[in-house]
Amino acid sequence: MAAAVNGMFREELRDAILRSKVLVVGAGGIGCEILKNLVMSGFADIEIIDLDTIDVSNLNRQFLFQKKHVGKSKASVACETALTFNSDAKVIYYHDSITSPDFGLSFFKKFTVVLNALDNRAARNHVNRMCLAADIPLIESGTAGYEGQVELIKKGLSQCYECTPKAAQKTYPGCTIRNTPSEPIHCIVWAKHLFNQLFGEEDPDEDVSPDTADPEATGNTAGEVALQAESNDKGNIDRVSTRVWAQSCNYDPEKLFTKLFHDDIKYLLSMDNLWKKRRPPMPLNWKELPDGVAGCSKDITQPGLKDQQRWSVSRCGTIFAESVKNLSQALKASQETSPNNHLIWDKDDQYAMDFVAACANIRAHIFGIAQKTRFDIKSMAGNIIPAIATTNAIIAGLVVLHAFRVLENNLRACRSVYLRLKMNHRNQLLVPEKAVNPPNPQCYVCAPTPQAILAVDTSTMIIKELEELVLKNRLNMIAPDVMIDGTGAVVISSEEGETEGNNDKRLEELGIKDGTILKVDDFQQNYSLTVFIVHRERPGLKDDSPPFLILSDKNALEPKVQEKEEKDIEIEKPSNGQAIEVSDTKKRKNDATEDEVVPKKRKVEINNADDDDICIIESNDVHRISSELKQSIPKKMKSSEDLDCLIVYDDKND
Ligand SMILES: Nc1ncnc2c1ncn2[C@@H]1O[C@H](COP(=O)(O)OP(=O)(O)OP(=O)(O)O)[C@@H](O)[C@H]1O
Ligand SMILES: [Zn+2]
């Protein structure tokens with residue numbers, strides 16, 4: 001093959017290709033294309049890793065796989081097929097996760113360049129950190145429908161994957177979901193919550209009942225009055241969990257329907273402040289379900305496949321009853337093994353999907369919102385973004401062109417490139433950045449001494465929450481060790497059994513208070529972070545403000561000359577917090593000034609993919625966070641610009 005590419009590339013590049021050792025992370029849509037490009041360009045020493053097996057749904061675009069490969073390791077089959085294009089190449093495959101401790105620093109250090117072809121934030125963060133630690137150039141890529149992006153990540157030269165905040169995931173206020181839906185997606189999210197309340201993992205924060213704390217309805221006691229008036233034998237969901245009540249009535253579809261789509265709606269109607277400027281919802285009667293479809297003048301016979309038709313309300317009722325029956329039986333069967341078992345919502349499970357489609361459409365009808373087909377609901381509920389083979393191929397081509405530049409040591413030519421859906425004003429579909437974006441000096445990952453400020457109520461947060469919510473979920477660590485600077489006390493150890501006794505202790509009990517400095521290390525990621533604690537009181541457990549905030553402006557930590565004398569807590573207070581990534585969207589925003597951490601109770605995943613979760617944020621949280629931060633930020637920094645862009649809405653995923 002080397003001979004075949006002779007003459008195609010300059011001699012130096014051809015030799016560099018032959019000498020190089022390349023790691024491809026992910027053998028999915030982009031990964032398969034990259035691997036094919038690599039072997040066809042004469043790369044002779046390649047390793048590829050993927051944790052997954054081939055699914056039939058991969059076959060339309062992952063051309064290294066065929067029907068006979070379904071169920072087999074992606075990495076193994078990709079390797080086997082690629083070798084048929086160039087048997088001179090040496091390709092090693094791993095059917096494993098790149099986050100496994102087996103792939104440590106010395107593994108990464110073997111490579112000339114790493115090419116990411118992943119689909120989730122956790123893995124991308126991890127590879128980012130490993131490549132920074134190993135000082136190996138990483139080419140990061142992603143696609144979403146017709147759009148895509150390729151960028152170089154090189155320590156000290158370019159931004160890293162975590163340098164700038166990414167736009168927040170799509171969010172919906174909790175009260176919109178529970179009280180005042182206005183779009184089909186609000187009804188779909190509500191229906192998914194209902195599934196979990198009835199059959200899945202119960203989460204009190206996914207309550208589907210009317211929300212009496214809705215600020216728009218405050219001062220309105222009608223809801224309470226209505227609540228009293230409604231008979232408890234119908235199941236007052238504010239007093240008994242939806243699951244317990246549903247079980248007590250043996251998942252009787254009529255009773256469930258009446259509770260959810262009649263009684264609760266009447267209750268909502270009694271909160272009349274909500275309906276002063278809105279069309280009020282219309283409670284439905286199980287025995288008189290209309291044959292009409294919201295958005296259609298009458299019940300027309302619609303063309304197309306069953307999945308692509310909009311169901312009449314009475315049809316939704318029938319499907320609701322059928323799916324409730326099947327799902328409750330499935331739940332019962334699974335609980336025979338263990339009473340803690342529950343169902344997991346899966347868009348590809350017929351009854352789970354039927355249930356969500358029927359409930360979403362019934363609720364849509366009640367609120368005068370256009371109904372959707374089961375197919376549309378599946379796309380929205382599963383947050384499916386069509387994967388386009390051509391987009392993947394274009395992006396994979398660019399990844400390999402970037403790799404050539406890396407091999408030629410022409411890193412500055414590796415400017416980020418965006419593939420657009422439509423031409424820009426220069427008639428470009430592929431739009432390069434003007435130059436390689438320099439690293440963010442305040443990045444909490446790639447800065448020379450990474451630092452972050454954690455503003456938290458040290459009297460309520462427990463150590464387990466510090467580990468799970470802050471260090472793992474928020475700061476993307478895998479196995480953190482935490483030591484208090486100064487005393488050397490280890491509060492969290494990645495070694496099993498060493499610090500479990502601390503798990504339920506509050507931070508202040510272990511001496512973590514305002515002004516404390518924590519030294520956090522994740523040996524698996526070769527990552528060290530200094531965390532400055534700022535105590536920030538939370539008014540009460542029922543308070544909706546985020547349980548903690550992370551800021552990353554290390555300049556805020558340096559005392560000004562006149563303040564040096566008084567080296568007190570002021571030095572830990574943020575002055576101009578640099579925003580940190582808030583979603584996995586590949587588009588980076590440079591304008592946010594501080595990071596907002598969504599309280600766990602408001603965060604809702606509505607699909608299975610790590611990177612496609614939809615969060616619910618109470619809209620008034622934003623203002624509360626702002627005003628709280630204003631109090632903790634030195635006066636000179638209090639500008640509205642600094643505080644008004646906490647949450648960026650963007651519906652793109654990579
Ligand atoms: N931690 C990880 N280690 C190794 N491979 C990973 C890891 N996380 C994700 N991947 C792989 O990255 C690939 C991403 O490819 P792609 O985006 O085409 O996803 P897919 O799962 O093949 O397709 P779809 O999500 O559309 O069904 C997948 O094959 C996935 O298994
Ligand atoms: Zn960075």
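E47 is buried, with a relative accessible area of 2%; buried means under 20% relative accessible area, exposed over 50%, and partly exposed in between, with a 1.4 Å probe and protein chains only. The structure is a predicted model, in which local features need pLDDT of at least 70, side-chain atom pairs count only at pLDDT 80 or more, and totals for chains, interfaces and linings use all residues. Residues are numbered from 1 along each chain as its sequence is written, chains are lettered from A and ligands numbered from 1 in the order in which they are written, and side-chain values use heavy atoms, with hydrogens and water left out.

**E47 and its strand**

E47 belongs to strand β2, residues 45-49. Helices (H or I, at least four residues) and strands (E, at least two) are DSSP runs, numbered from the N terminus. The side chain of E47 makes a polar contact with the side chain of K110, at 3.4 Å. A polar contact is a pair of N or O atoms within 3.5 Å; within protein, one must be able to donate a hydrogen and the other to accept it, and residues adjacent in sequence count only if both atoms are side-chain atoms. Leaving aside residues up to four places away in sequence, E47 touches several others, including V22, V24, I92 and F107. Contact here means heavy atoms within 4.5 Å.

**Strand β1 and its partners**

Strand β1 (residues 22-25) is covered on both faces, with V22 and V24 buried on one side and L23 and V25 buried on the other. Strands β1 and β2 run parallel and are joined by 4 bridges; two strands pair if DSSP finds at least two bridges between them. The bridge partner of V24 in β2 is I48. From β1 the chain passes through helix α3 (residues 29-40) to β2, a right-handed β-α-β crossover. Right-handed means that, with the strands pointing away from the viewer, the path from the first strand over the helix to the second runs clockwise. Strand β4 (residues 113-116) also pairs with β1 in the parallel sense, over 4 bridges, and there V25 stands opposite N116.

**Ligand 1**

Around ligand 1 there are 18 residues, of which G29, D50, R61, Q62 and K74 come nearest. A residue counts as near if one of its heavy atoms lies within 4 Å of the molecule.

| Residue atom | Ligand 1 atom | Distance |
|---|---|---|
| G29, polar backbone atom | oxygen | 2.7 Å |
| S97, polar side-chain atom | nitrogen | 3.1 Å |
| D119, polar side-chain atom | oxygen | 3.4 Å |

**Annotated positions**

UniProt, in an unreviewed entry, lists C175 as "active site". C175 is found in helix α7, residues 174-178, and is buried, with a relative accessible area of 9%. The unreviewed entry also lists residues 322-378 as "domain: Ubiquitin-activating enzyme SCCH". That span is 67% helix and 0% strand, and its end C-alpha atoms lie 18 Å apart. UniProt positions are given in the numbering used here, feature names are shortened, and annotations may be inferred rather than shown by experiment.

**Loops and the whole chain**

D135 is not a glycine, yet has a positive phi of about 55°. D135 lies in the loop between α6 and β5 and is partly exposed, at 38%. N250 also has a positive phi, near 55°; N250 sits in the loop between α10 and α11 and is exposed, at 64%.

The chain has 18 helices and 16 strands. Of its 654 residues, 55% count as buried.
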